Amino acid sequence: MWRSIFLAIGVTFCILGLECLVVDEAVLANSTAGPGSSIAMDAYTSAGGAQQIKTEEWMPWSFLAAGTVIILYSITIPKRFQP
């Protein structure tokens, strides 16, 4: 079970990293979150009430690297022997 959990987390991180490579910024129209509520992203509220989320340059490669390491770790977890 642990193998599948870590594999899912690793694949999710890789997908998030690939999305960050493709998308430079996203604009959310009616956001209830205030400025500075995002931890890893540079988020701020513009004058029109839309929240703009901009990814940093280091984010895609960090997510891809972390996802790859987690996937490799999940492969090395030994399977439980069931007779």
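Is Phe 63 buried or exposed? In this predicted model, Phe 63 is buried, with a relative accessible area of 19%. That value counts as buried because the cut-off is under 20%.

**Aromatic pairs**

The structure holds 3 aromatic pairs. Two of them are listed here with their geometry.

| Pair | Type | Centre to centre | Angle between planes |
|---|---|---|---|
| Phe 6 and Tyr 73 | edge-to-face | 5.2 Å | 90° |
| Phe 13 and Phe 63 | edge-to-face | 5.9 Å | 85° |

Phe 6 in helix α1 and Tyr 73 in helix α2 are 67 residues apart, and their pair links distant parts of the chain. Phe 6 is partly exposed at 26% relative accessibility, and Tyr 73 is partly exposed at 45%. Together with Trp 2, Phe 6 and Tyr 73 form one aromatic cluster.

Phe 13 is partly exposed, with a relative accessible area of 30%.

**Cys 14 and its contacts**

Cys 14 belongs to helix α1, which covers residues 2-22. Its relative accessible area is 14%, so Cys 14 is buried. Leaving aside residues up to four places away in sequence, Cys 14 touches Phe 63, Leu 64, Gly 67, Thr 68 and Ile 71.

Trp 61 lies in helix α2, residues 59-76. Its C-alpha atom is separated by 9.2 Å from that of Cys 14, 47 residues away along the chain. Trp 61 is exposed, with a relative accessible area of 54%. With Leu 18, Leu 21, Val 22 and Val 23, Trp 61 makes a nonpolar surface patch of about 510 Å². Helix α1 gives the largest share of this patch, 3 residues.

How values were computed:
Residues numbered from 1 in each chain as written. Predicted model: local features only at pLDDT ≥ 70, side-chain atom pairs only at ≥ 80, totals over all residues. Heavy atoms only, no water. Helix = DSSP H or I, 4+ residues; strand = E, 2+ residues; numbered from the N terminus. Buried < 20%, exposed > 50% of the residue type's maximum accessible area, 1.4 Å probe, protein only. Contact = heavy atoms within 4.5 Å. Patch = residues over 30% accessible without salt bridge, like charges linked within 9 Å, V, L, I, M, F, W, Y side chains within 5 Å. Areas by Shrake-Rupley, 256 points an atom, 1.4 Å probe, with all protein chains shown as cover. Salt bridge = Lys/Arg side-chain N within 4 Å of Asp/Glu carboxyl O. Phe/Tyr/Trp six-rings, centres within 6.5 Å; stacked < 30°, edge-to-face > 60°.
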